[in-house]
Amino acid sequence: MGRSLTRKIIESHYVSGSMVPGEEVFIKVDQTLTHDINAVMTYLAFEAIGIDRIRTECSVSYLDHNLLYVDFKTPDDHIYLQSAAKKFGVHVSRPGNGICHTVHVARFGAPGKISMGGDSHTPHGGSIGMLCIGVGGMDVATAMTGVPMRLKMPRVINVHLTGELKPGVNAKEVILEMLRRVTIKGGLGNVYEYTGPGAAKLEVPQRATITNMGAELGATTSIFPADKQVHKFLKAQGREEAYRELLPDEDAEYDDRIEINLSELEPLVSCPHQPDNVIPLKDVERKPVQQVFIGSCTNTSYADVAKAALVFKGHHVNENVSCTCGIASKQTYKELLRDGYISMLLDAGVRMLEISCGPCCAIGQTPPTEGIAVRTSNRNFKGRAGNPNAKIYLVSPESAAATAIKGTFASAEEIMGDEITKLAEIHEPEVYEADDSMIIKPLEPEEAQKVEIVRGPNIKFLPVPDEPQQYLKVPVSLKGGDNISTDDITPASAEFSSMRSNIPLMSQYCYHRYAPDFAAHAKELGKSIIIGGENYGQGSSREHAAINPMYLGVKCVIAKSIARIHKGNLVNHGIIPMLFADPADYDKIDQDDELEIENLLDQIPTRTVTVTDTTKGFSFQVNLDLSDNEVEVVLCGGQLRYLKKQLAEMDADK
Ligand code: F3S
């Protein structure tokens, strides 16, 4: 049988391990990316590792998420990140250049490469036939050292697309349909590889909407072939030399197959408070909408925004709606400006925002009390927009524009009628204006050595966890439900995001919106265990959702299931991720119960640990879904200690 595209790329980067799905494989990583609200910890870790220059082909530090300088903290972070990048040989994409994933695909990505990014939507790059994996910041620091990276060999699922999207139906509908079918945890351990005549018709930014939001499936990543569409895109970017055709074999073997006929898709909407709560847009209750946001890396390509602008043509934003638009890159913004679409948006009363993530991660445009916000971004968790009593609905840019006009949910067809066919005429530009003047290139090594890293007063140390002990007897500091997201654990907003360089401060807000007393309670207990339900730690890759609890003394998380990136972050930061062997035991444990584990260090390598609830007087078993390498990291007390040991051994062998 032939090979899938995913398998071909992993084979070409193989270093060691097993390529059997579910087993551990070590691969060489070509590129990394970081962004400002997670990256300070990554570069502090890289400093602590003690290497003087990155050992990847290309690493880029994007300053793109939090551009609202509400106080000194974020500008200090940006200056730190810029100086650290200069010192270590990293490119910097300056504030205003664009959102990391959009810029990376356009200016750095190349088919066949492997990239790891400190952001869960790194799979965006799968749109050009790259294998792009979202990981925690410590993993990015590790990848920058050039050591082979561990990966659980994925199952590869073929998503075979036929037909063609109708006007008014966006690539967003493809990924919403996937979410409806697969659910937010159904993709765990999978790569979704899109093929077929329908896939061949999708332009690269349409593919990016699908691979980007594939993160919401819990998948390792998603990927499209590097075909004529990718050639056209890279040529339009003036980067034809980066192109090489890369396709799955015609008889490629897959672990499963999903069929979607694009012609049958209708406008869809993801309802609060999970991305997989998807229904047809026509079936959603027509409640008044207070905010519409057309923005984020997911859905603001040239064609996306131009189509939204055409829906607005001759109409105005409803007087009860605040409609904002945040375009993902300076390049796209200029193309839209040139072709008159920005004017059309302004004429319709749309408020143009800065080129940044902004509202997508709760930096501005918080919805009103009990408000309804309709967004083109990728997450609708409770509180994601900064107000836990608001409701977020996710739609395409065409549907968002129609909703802004009507003041309640509407499709583009309801606004445009027969004119909707005009949307089919809009495509990506044949040539993009390539201007890399907002990218700072790395210095030569001799010059880089002279650079002083600049640290503002908010930039504190990177906490290093203790090594685990044989005996643990600690209370349960929190019992959470299903689908706790990293937003629940570490809230986002302009204010909170600027605290992420200061763990002693940020940890005071751990679980702030979900369980406001948690931080004080955990600190008072000294050491504790968290109990979680299904899909614990879903959502953003932010490793602060592991670092903050670790700093507050959390030693283990015992849950029914744990999301992939978060599990890696827990391992890296010295919290042992454990899974109930019998999920029914979850119901027997209450907050503040005391849990006892004997011979923990001996039990960890067996992957089965016996825990006794001494308050209730019963014992239960937990499983550790850890690879051999992860077991070593756990026993070392986290990735930083492990990596230093590994690098010292490598140096001793030279
Ligand atoms: Fe930024 Fe939201 Fe994308 S936070 S990277 S626009 S998912």
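**A note on the domains and pockets**

1. The protein divides into three parts: domain 1 (5–263), domain 2 (286–421) and domain 3 (472–649). Please keep in mind that this is a predicted model.

2. Where does the largest pocket lie? Lining residues come from both domain 1 (5–263) and domain 3 (472–649), so the largest pocket lies between them. The space in the largest pocket comes to about 820 Å³. Its lining is made up of 41 residues, and L151, K152, R564, K567 and E630 are the closest to the centre.

3. Two or more residues each come from strand 2 (24–27), helix 5 (137–144), strand 8 (149–152), helix 21 (564–572), strand 24 (576–580), helix 23 (628–636) and helix 24 (639–653). By residue class, the lining of the largest pocket has 19 nonpolar, 12 polar and 10 charged residues.

4. Strand 2 deserves a look of its own, as one of the elements that give two or more residues to that lining. Are its faces buried or exposed? Both are covered: E24 and F26 are buried on one side, and V25 and I27 are buried on the other.

5. Strand 2 also has pairing partners to follow. With strand 1 (residues 14–17), strand 2 forms an antiparallel pair over 3 bridges, and V25 in strand 2 stands opposite G17. The hairpin of strand 1 and strand 2 has 6 residues between the strands, and G22 in this hairpin has a positive phi near 95 degrees.

6. Strand 8 pairs with strand 2 as well, again in the antiparallel sense, over 4 bridges. Here E24 has K152 of strand 8 as its bridge partner.

7. Finally, do have a look at the second largest pocket, with a volume of about 400 Å³. Of its 19 lining residues, the closest to the centre are T195, G196, P225, L247 and P248. The elements that give two or more residues to this lining are helix 7 (197–201) and helix 9 (228–236). The lining of the second largest pocket divides into 8 nonpolar, 4 polar and 7 charged residues.

Key. Residues are numbered from 1 along each chain as its sequence is written. This is a predicted model: local features need pLDDT of at least 70, side-chain atom pairs count only at pLDDT 80 or more; totals for chains, interfaces and linings use all residues. Side-chain values use heavy atoms; hydrogens and water are left out. On a 1 Å grid over the protein atoms alone, a cavity is a set of points where a 1.4 Å probe fits but cannot get out, and a pocket is an open set with protein on both sides within 12 Å along at least five of seven lines; lining residues have an atom within 4 Å of a point. Grid points are joined across faces, edges and corners, and a volume is the space filled by probe spheres set on the points. Ala, Val, Leu, Ile, Met, Phe, Trp, Tyr, Cys and Pro count as nonpolar, Asp, Glu, Lys and Arg as charged, and the others, Gly among them, as polar. Domain bounds come from an automatic or database domain assignment. Buried means under 20% relative accessible area, exposed over 50%, partly exposed in between (1.4 Å probe, protein chains only). Two strands pair if DSSP finds at least two bridges between them.
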